[in-house]
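Here is a short briefing on a protein model. Look it over, then read the points below.

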Amino acid sequence: MNPNTSSRPGPAARRGLRVATVVAAASTLVAALTATATATATAGVASAAGHGKTAGNVKNACGPALPGQARCFAEVRTDVHGGTGVRGAAAAAAAAAHGEKAAATTLPAGFGPADLQSAYKLPTTGGANQTVAIVDAGDDPTAEADLAVYRSTYGLSACTTANGCFHKVNEHGAATPLPADQGWGVEEALDLDMVSAACPQCKILLVEGDSASFDDLGASVDEAVALGATEVSNSYGGTEANGVNAYAADYTHPGVAVVASSGDSGYGIPSVPAAYTSVVAVGGTSLTKAANTTRGWTETAWEGAGSGCSAWVDKPAWQTDANCPGRMVADVSADADPNTGPAIYVTDTPDLEGLPSGWSIVGGTSASSPFIAGVIGLAGNPQKFPNASAFYTTTGHSALNDVVGGTNGVFQDCGGDYQCNAVTGYDGPTGWGTPNGLAGF
């Protein structure tokens, strides 16, 4: 299937075409995705043990992918337990209203919206006419309630079903029945909080796939667009292999910005959907406050940020880096290092082996993808991103923070090349850089 076609059959017809294509292929898609899942699981184990993470202080929020399925890329800190409930000024105000003393007025550990807005020079208003969709696997039953705690803590306006800001549906577009919990609660909370941090006025649509299969996740993307999403974030993936282009059409929606995480296993084989040419692939950085700099912040490539040269997706005409004949990942980036990550509120944590629920710090390119989707929503020009080509113009990338320094070549080295080292200009781990206001968006 042509990943750039705009004349698309309906979901049922596409599934039929996929089956026919897969059966005819010498290497079936099922076999390819089984290998994908194995490679992803292996990489996930390696990722948990390295990539700038102190041994034992970070774990993958989602377990290894089953055959034919994707894995979410959220990385949760296990050494940060911030308790539960609203914090900060909102907590103090609520306690005063009841004649009580607030139990916790200090903001949670980790970056909040104001920090990220400062680091990336983002306005606090904009995007009110935009709907950022989050696609994930399975239901997070506490998603709306957890989002309310996050937004109240940081003084953001309420985003609820009742006021029309928040909408949660299954992959068929219905509010009921919702799918079973697939253990992606941390991922879903991270996605919702990061969209909120980037674009507090954007509406949020959470589409929950029946499972983590590529078929269900792809159908969820299509449904998000059908329901009016202007941006769609996908914080999951699997290592590319023969047959993955059968799903490219699900991530091709001209007029809608489709964004995906580059992965958390460093340099190597790229992840899909990030490698599709119609997708903005988002890498990751380590973000640190630095009062001695003009910007007030410094950034380097995060060691876990996914990058790589595709063997299965052709190089788009707008991408001209010298040493990769296929599609190169990533295009743009934002903070993703769990050790320099955002504060996240989540209570749906059944698969985290006793990790306390509530406030924690969560990273991974699962943080940078929804954040960039929110920045696109904040700017209000989703039609500018039928692909990532806007970042490859001089005007586009000169408006970003060029990230120089750091590498993701921990387990596999690229021989000093830009594919795994953050250099001046374009590189794999960070793409063209990170937001510097909205001029690049």
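Three strands make up an open antiparallel sheet, ordered β2-β8-β10. β2 (71-72) and β10 are its edges, each with a single partner strand, so one side of each has no neighbour in the sheet. This is a predicted model, where local features need pLDDT of at least 70, side-chain atom pairs count only at pLDDT 80 or more, and totals for chains, interfaces and linings use all residues. Residues are numbered from 1 along each chain as its sequence is written, and side-chain values use heavy atoms, with hydrogens and water left out.

**The chain as a whole**

- The protein chain has nine helices and 19 strands. Helices (H or I, at least four residues) and strands (E, at least two) are DSSP runs, numbered from the N terminus.
- Of the 441 residues in the protein chain, 60% are buried. Buried means under 20% relative accessible area, exposed over 50%, and partly exposed in between (1.4 Å probe, protein chains only).
- Take the contacts between residues at least 6 apart in sequence: 77% of them join residues at least 24 apart. A contact means heavy atoms within 4.5 Å.

- Strand β8 (residues 236-239) pairs with β10 in the antiparallel sense, over two bridges. Two strands pair if DSSP finds at least two bridges between them.
- T239 stands opposite S271 in β10.
- V272 lies in strand β10 (residues 271-272). V272 is buried, with a relative accessible area of 2%.
- Leaving out residues up to four places away in sequence, V272 touches F214, Y236, G237, G238, E240 and V244.
- Y247 is 25 residues from V272 along the chain, and their C-alpha atoms are 9.3 Å apart.

**The four-stranded sheet**

- Four strands form an open antiparallel sheet in the order β1-β3-β17-β16. The edge strands, β1 (58-60) and β16 (343-346), each pair on one side only.
- Direction ignored, neighbouring strands of this sheet are turned by 45° against each other on average. Axes are lines fitted to C-alpha atoms, for helices over the stretch in contact, and angles run from 0 to 180 degrees between N-to-C directions.
- Strand β3 (residues 75-77) and β17 run antiparallel, joined by two bridges. V76 stands opposite V362 in β17.
- Helix α5 packs on the sheet and touches β16 and β17; its direction makes about 145° with that of β16.
- Helix α6 (residues 185-198) also packs on the sheet, touching β3, β16 and β17; its direction makes about 125° with that of β16.
- In helix α5 (residues 143-153), the buried residues are A143, D146, L147, V149, Y150, R151 and T153. Just after α5, G155 takes a positive phi of about 70°.

**The covered strand β4**

- All seven residues of strand β4 (residues 131-137) are buried.
- Both faces are covered: T131, A133, V135 and A137 lie on one side, with V132, I134 and D136 on the other.
- β4 pairs in parallel with strand β6 (residues 203-209) over seven bridges. T131 stands opposite K203 in β6.
- Four bridges join β4 to strand β7 (residues 231-234), and these two run parallel. The bridge partner of A133 in β7 is V232.

**The cavity**

- There is one cavity of 30 Å³ or more. On a 1 Å grid over the protein atoms alone, a cavity is a set of points where a 1.4 Å probe fits but cannot get out; lining residues have an atom within 4 Å of a point.
- The largest cavity has a volume of about 60 Å³. Grid points are joined across faces, edges and corners, and a volume is the space filled by probe spheres set on the points.
- Of the 13 residues that line the largest cavity, V76, V346, L355, P356 and S360 are the closest to its centre.
- Strand β17 (residues 358-363) gives the largest share of this lining, three residues.

**Backbone exceptions**

- Most residues other than glycine have a negative phi, and most peptide bonds are trans.
- K121 is not a glycine, yet has a positive phi of about 55°. K121 sits in the loop between α4 (113-119) and β4. K121 is exposed, with a relative accessible area of 51%.
- The peptide bond from T176 to P177 is cis, with omega near -10°. P177 is in the loop between β5 (166-170) and α6.
- V329 and A330 are joined by a cis peptide bond, with omega about 20°. A330 is in the loop between β14 (326-329) and β15 (332-335).

Methods:
On a 1 Å grid over the protein atoms alone, a cavity is a set of points where a 1.4 Å probe fits but cannot get out, and a pocket is an open set with protein on both sides within 12 Å along at least five of seven lines; lining residues have an atom within 4 Å of a point.
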